Amino acid sequence: MRLPIYRILLIAVVAGSLHSCKKYMNMDHYFKDRMNVDTLFVKKDYAEQWLADVYTHLRGENLDVASKDYAPFNLISDDMFFGDRGDELDGRSYKNYKNGEYTESWTQGSWGSCYQGIRKASIFIYNIDRNREMSKADIAGRKAEARFLRAYYYWLLIRKYGPVPLMPEEGIDYTLPYENLATPRSHYDSCVNFITRELATAAKDLPAGRTNRDMVRPTRGAALAARAKVYLYAASPEFNGNTEMADVVDHEGKPLISQVYNEEKWARAAAAAKDVIDLGVYRLFTAPFNATDQGPAQPKTIVPPHHPQYSDASFPNGWRDIDPFESYRQLFNGALTASGNPELIFSRITELSNVGPEALAKHQTPYSMGGWNAHGITQKQCDAYYMNDGNDIPTSPRVPGFTSNATDYLPLPSDVSLQYANREPRFYASVAYNGSIWYRLSAIEANLRSKQVFYYRGEPDGKQPASPQFHVRTGLGVKKFVNPIDSHDGKVLGSFVVPKYEPAIRYAEVLLIYAEALNELGGSYNVPDYTGAHTHALSRDVLEMSKAMSQVRIRAGLPDFDAGVYGSKETFRKALKRERQIELLGENHRYYDLRRWKDAPVEEATPIMGCNMDMTVAQRDVFHTPVVIPSFPTIFVKKMYLWPISHDELRRNKKLTQNPGWTMPY
């Protein structure tokens, strides 16, 4: 007997998708009266409650931008780190992550939660058509939301674990013996094909925009942008002709990752990104400089050096009418509402105060100002930022000396190393260098609203024997996601923290996807758009690459790359990787980028450098001479490409195979 999936409410689901069958399968507690699915989906209110429950699995371990307990991958690559969790707590320290000493049981909530969301979304998709209180248009829209969610949960799984089991859409015959219910992992390309097909189908019935009340619901752009991300990963070296991953196999020993390179996958990624661009809905956010319809004139906080091509042109051709510093900073610090940000494509907006960007800001704020002083960046990340003219920073030797006042090297205050002078605006919006000014403008007392913070040994925010966890290990903190109004010290009168939303997908990322994918093309391709009604003609078009990349660069107050960069596939690839490292800092990309590019064996094994935190202010020259940070070991072995599948799931599903290098249960 084969039952449709909507009849399977109180029975065990296979493939290790659920940790506790009774807890995950029983939905009766959401309703006042016990009822079966035949009557449940007839009512609009009950159907809406069911769909709302499908959304709940986007939270917790499935957040993209969150604190280390929920999104540790945001803080365990070669760009950012955390220092407030040591071995004396639960063993999940930065050192454990970097040494590959984590186990199959760590942060496994995402596996079960994603499959719960997948199952619930499928039940909704197969039953919502029977609703008697919703219009056909409303039914189509809600079904599209469920399709998006189901596809997005699969995306989160394959990004973390690689190939995963695709569950039968039509349901499972639960009368079969348990061993026959086990579901093997599907080929990675099969997972990609299913996800992208579902997202394209969802996009057709999703609206172009949402009201403030419904901002958390996906739009057509969200579906298409997620589709572009999935295609990008599928085209990347980790999953496209990667013979080193031949040992990622199913229960019959068949490889699950393509062993033959296919350039057309890059064309699909480029076409998917172009679908988003062609919507004409999104644009990069820019804070105005001259008076425009966006608001009154504001003084420019950081003025890029004069450039004959860009200084006198309006955005997107130049930065005459924008403030590059505020254009980047306000994207993340809550200065914009979600509905007021033309760049935001997808976000989990609600219930993020304890785990999302606000939590990051709390951990980044100095200890002396009520924060945890625990998150920072590496010297590598600091040096990745360009000079304000677009050139690389000098490192051999580094710029000597310190500022003697607060006016000669704006925006640097006095007593700051000159190696931080004349950097691009994104640097000052993101990096808390030693001696930078921190604000908490919500404080009632004027003398508490700003403070120059130093990380020298013995300073309140430096290395202290009394609080060894709460210091920035490299002397390079983080200001991204921090609003100058924020005050995390409850003892300070007027303390207030600006609400923030998660930038899960934004338009700048889509532009970078488009440029990266075009760069990898050697031939010409005609790829259908998501509707199948039109075709994108694609090749390595330098003008198209520049059109996308230049917007990101100019918004940051930097000139576009020159012809020499665009003329070489290898040179542009290197520049693109650096641009993603800078632009997408702290947005949960770098960890996965290094893996999909197969750069992790080098980049994550390179020693982590930073300031010499054992030096006092009297030794400030030595403090600013980069050294290896001994408490941050680095190593990368092959098994660290993919996250291990938990032993509980492997015991539950006998056809489920473990990722290479990780142990199987006894």
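Student: In this predicted model, what distance does helix α9 reach from its first C-alpha to its last?

Tutor: Helix α9 covers residues 220-235, a run of 16 residues. At 1.5 Å a residue, a span of 22 Å is expected.

Student: How many of the 16 residues of α9 are buried?

Tutor: A residue counts as buried when its relative accessible area is under 20%. Helix α9 is largely enclosed by the rest of the structure, because the residues that count as buried number 15 of the 16.

Student: Which strand is joined to β9 by 4 bridges?

Tutor: Strand β9 spans residues 525-528. Its partner runs antiparallel to it and spans residues 535-538. The two form a hairpin with 6 residues between them, and Gly532 in the turn has a positive phi of about 80°. The partner strand is β10.

Student: How many disulfides does the structure hold?

Tutor: A disulfide requires two cysteine sulfur atoms within 2.5 Å. For Cys382, the nearest cysteine sulfur is that of Cys611, 7.6 Å away, and Cys382 is in no disulfide. For the structure as a whole, the number of disulfides is 0.

Student: Is Cys382 buried or exposed?

Tutor: The cut-off for a buried residue is a relative accessible area under 20%. The relative accessibility of Cys382 is 1%, so Cys382 counts as buried.

How values were computed. Residues are numbered from 1 along each chain as its sequence is written. This is a predicted model: local features need pLDDT of at least 70, side-chain atom pairs count only at pLDDT 80 or more; totals for chains, interfaces and linings use all residues. Side-chain values use heavy atoms; hydrogens and water are left out. Buried means under 20% relative accessible area, exposed over 50%, partly exposed in between (1.4 Å probe, protein chains only). Two strands pair if DSSP finds at least two bridges between them. The expected span of a helix is 1.5 Å times one less than its number of residues.
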